Amino acid sequence: MKDRNFKYYLDLISVLVAKELKVRYKNSYLGYLWSLLNPLAMALIFYFAFKVIMRVPIENYSFFLITGLFPWQWFSNSVGSSPGILLGNASLIKKVNFPVYFIPISSVLNDAVHFLLTIPVIIVFGFLFNKFPSPIWILGIPLWFFAQFFLTYGSALLISSINLFFRDLERLVMVFLLILFYVTPVFYDITLVPEKYRKLIFLNPVSGIIMGWRDLFMKGAFDFKFYCLYLLYSFILFLFSFYVFKRLSYKFAEVL
Amino acid sequence: MKEKVIVFDKVVKSYPSYTYITGGIKNFLIHFNKSIENFKKRHVVLKEISFEISQGECVGFIGRNGVGKSTLLSLIAGVLKPDSGKIFVKGKVSPLLELGAGFHPDLTGRENIILNSILLGMTKEEAFAKISSIIEFSGIKDFIDQPIRTYSSGMVARLAFSVIAHLDPDILLIDEVLAVGDIEFQKKSFNKILEFKQKGITMVLVSHDLENIKKLCDRAIWLEDGKIKMDGNPEEVVEEYCKKIEGKV
């Protein structure tokens, strides 16, 4: 199937993403609100626990929380659903010779669309704290989007393919996401982390991306060097995952 | 002399016994040695199979369950890779999917047609150009904008077949899906297959319906124990195959 052109691949992605979105919203007209409910509820819980009870010294804490939680939600939803996506399309993978790596793409892009749709909520929150969208967003949003896409897609590729061979990976992914959430500065700021642990936090690729989004949304700041570092990091992880996926993909039809 | 479009040269295909591995990481670690052993143990399905199929031929594969007929189709489709041997396939291969594979129950018939056509290799333009003809062929007029979870299984099958009928393949793979829908639709789909045949599309068929094999195919291949037991005129091959089965019973 090497003769297929680029346009066909675009069609394939668009129709797969459209399918996911349609399925998500088909049964409820409040679909958009539902997808906001989870991160907003989490924000509320963390606000109560950390601002009201523990009194963390972070200004504009509710705004701070959602600027981290919304992008985290994208990563976490995509990675959390990745173990099942190949299994769910077993009949297709077994019969049709088409680029299987398009299946994880569509699921990651679907969550990405949701993330983009939450940006207006971030803007509204910003207004409440007298923070306004900055022109740098025009550059920053696509760039950070790009970096997070590679990281998320790479993780989804890796997990979805390995899960076919070790079907209990799914359970470990949940634990892994939970751990990852706490070692990512989503509800705390990197400056609150003791000096000797900071390096570890920076080593987590999700950290850089969440911090990047937050600086962009809260301060209208975009650190180009910092960005390049994490883009490169994400891209290397993506290449590694893609390689593993390709190597394993010949075996998919055997084990499904 | 017609051009060869499918050539199998000493193709061997085995499946690993993944039981321990799909048992999960936990089992894999606990029974580590056994798992590694199992990993190497492979169950051979096809043993050095060689055959050639020419352009426009319609070939039926027969044989008992588990003899490797579907594996063979997957190899032609390129979904599986052989352990050894060479496979040459020329042209666009379209598999006739098992009923409604790739369909989503919550989408409407119309949305599923578009989705399925593109998964099977059409571009969006082609899919939209053909959609009314596909709906027409399926005969599902009133329900086409309803989610297909409300369809009967026969209706889903009709929809699936209608999409296939509008593809433009060079090689069509058919795995036990001729008998779909009611009598009327079965006739319609049978005629469509005949039409494909007249157009000179190469077809590879797997079926337990020996009558269909006799009616449709120019040639039948009987697989047994991972090897080709007999290859030739469908009438003769089917007759021999029946003799063997009856002899056993």
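Two strands are taken as paired where DSSP finds at least two bridges between them; strands (E, at least two residues) and helices (H or I, at least four residues) are DSSP runs, numbered from the N terminus. The model is predicted, and local features accordingly require pLDDT of at least 70 and side-chain atom pairs pLDDT 80 or more, whereas totals for chains, interfaces and linings use all residues. Residues are numbered from 1 along each chain as its sequence is written, with chains lettered from A and ligands numbered from 1 in the order in which they are written.

Chain B contains an open sheet of 6 strands with mixed pairing, in the order β5-β6-β7-β3-β8-β9. The edges are formed by β5 (93-96) and β9 (227-232) of chain B; each has a single partner strand, so one side of each is left without a neighbour in the sheet. Neighbouring strands are turned by 20° against each other on average, direction ignored, where axes are lines fitted to C-alpha atoms, for helices over the stretch in contact, and angles run from 0 to 180 degrees between N-to-C directions.

Strand β6 (residues 171-175) of chain B is largely enclosed by the rest of the structure, because 5 of its 5 residues are buried. A residue counts as buried if 20 or more other C-beta atoms, placed from the backbone, lie within 10 Å of its own. B:Ile171, B:Leu173 and B:Asp175 lie on one side of β6(B), and B:Leu172 and B:Ile174 on the other. On the β5(B) side, 4 bridges join the two strands in parallel, with B:Val93 opposite B:Ile171. Strand β7 (residues 202-206) of chain B is also parallel to β6(B), over 5 bridges; here B:Leu205 is the bridge partner of B:Ile174.

B:Ala220 stands opposite B:Gly232 of β9(B). Helix α10 (residues 234-248) of chain B lies across β3 (58-62), β8 and β9 of chain B, at about 30° to β8(B).

The contact between the chains involves 25 residues of chain A and 32 of chain B, two residues being in contact if their C-beta atoms, placed from the backbone, lie within 7 Å. The largest share, 5 residues, comes from α5(B). This side of chain B divides into 19 nonpolar, 7 polar and 6 charged residues, with Ala, Val, Leu, Ile, Met, Phe, Trp, Tyr, Cys and Pro counted as nonpolar, Asp, Glu, Lys and Arg as charged, and the others, Gly among them, as polar.

Definitions and conventions: Buried ≥ 20, exposed ≤ 12 C-beta atoms within 10 Å, placed from the backbone.
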